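User: I am new to this structure and would like to learn how to read it. Please take one feature at a time.

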Amino acid sequence: MSTRRRRGPESFRCRHCGLDVSLDAPGTAHRNHCPTCLWSRHVDDVPGDRAADCGASMEPIAISVRGDGEWVLVHRCTGCHEVHLNRSAGDDNPLALVRIAVRPLALTPFPLEWLGRL
């Protein structure tokens, strides 16, 4: 009889950019997205439970900032369109985070010249 405990995977391959990603993430207990491209996979119903049946890719669509200043990624599932909030990790690509954060300024729903009329 073996007393060896079965362990889960220690990494995953990003479906979007192909990076092999360690499950260890500074600042969060449940790595759920690629630190390079910030894409995720719909595997959780509740953070860390790995109970979602969908399994589709989740696109990072926005950044939200909590009251304490922590940045949170907003992901939308490309399969079922569910939206999840996910803590950013200490090793997330800062340029990718900023690109998502400023996207509303770069892709405004109106011409920026209209601001001069206000």
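User: Which residues is Leu 97 in contact with, leaving aside its neighbours within four places in sequence?

Analyst: Contact means heavy atoms within 4.5 Å. By that rule, Leu 97 touches Leu 38, Ile 63, Trp 71, Leu 73 and Asp 92, with its neighbours within four places in sequence left aside. A word on the source: this is a predicted model, where local features need pLDDT of at least 70 and side-chain atom pairs count only at pLDDT 80 or more, while totals for chains, interfaces and linings use all residues. Residues are numbered from 1 along each chain as its sequence is written, and side-chain values use heavy atoms, with hydrogens and water left out.

User: Which residues make up the largest nonpolar core?

Analyst: A nonpolar core is a set of buried Ala, Val, Leu, Ile, Met, Phe, Trp, Tyr and Cys residues joined through side-chain atoms within 4.5 Å. Buried means under 20% relative accessible area, exposed over 50%, and partly exposed in between (1.4 Å probe, protein chains only). Here the largest core has six residues: Leu 38, Ile 63, Leu 73, Ala 96, Leu 97 and Ile 100. Helix 1 supplies the largest share, three residues. Apart from this core lies another of five residues, including Cys 14, Val 21, Cys 37 and Trp 39.

User: In what order do the strands of the sheet lie?

Analyst: Helices (H or I, at least four residues) and strands (E, at least two) are DSSP runs, numbered from the N terminus. Two strands pair if DSSP finds at least two bridges between them. In this model four strands form an open, antiparallel sheet in the order 3-4-5-6. Strand 3 (40-41) and strand 6 (83-87) are the edges, each pairing on one side only. Seven bridges join strand 4 to strand 5, and Ile 63 stands opposite Leu 73 in strand 5. Strand 5 (residues 71-77) is joined to strand 6 by five bridges. Of the seven residues in strand 5, five are buried.

User: Is Leu 38 buried or exposed?

Analyst: Leu 38 counts as buried because its relative accessibility is 0%. Leu 38 sits in the loop between strand 2 (20-22) and strand 3. Its phi is near 75°, a positive value in a residue other than glycine. Most residues other than glycine have a negative phi.

User: Where does His 81 lie?

Analyst: The loop between strand 5 and strand 6 holds His 81. His 81 has a positive phi of about 70° although it is not a glycine. With a relative accessible area of 54%, His 81 is exposed.
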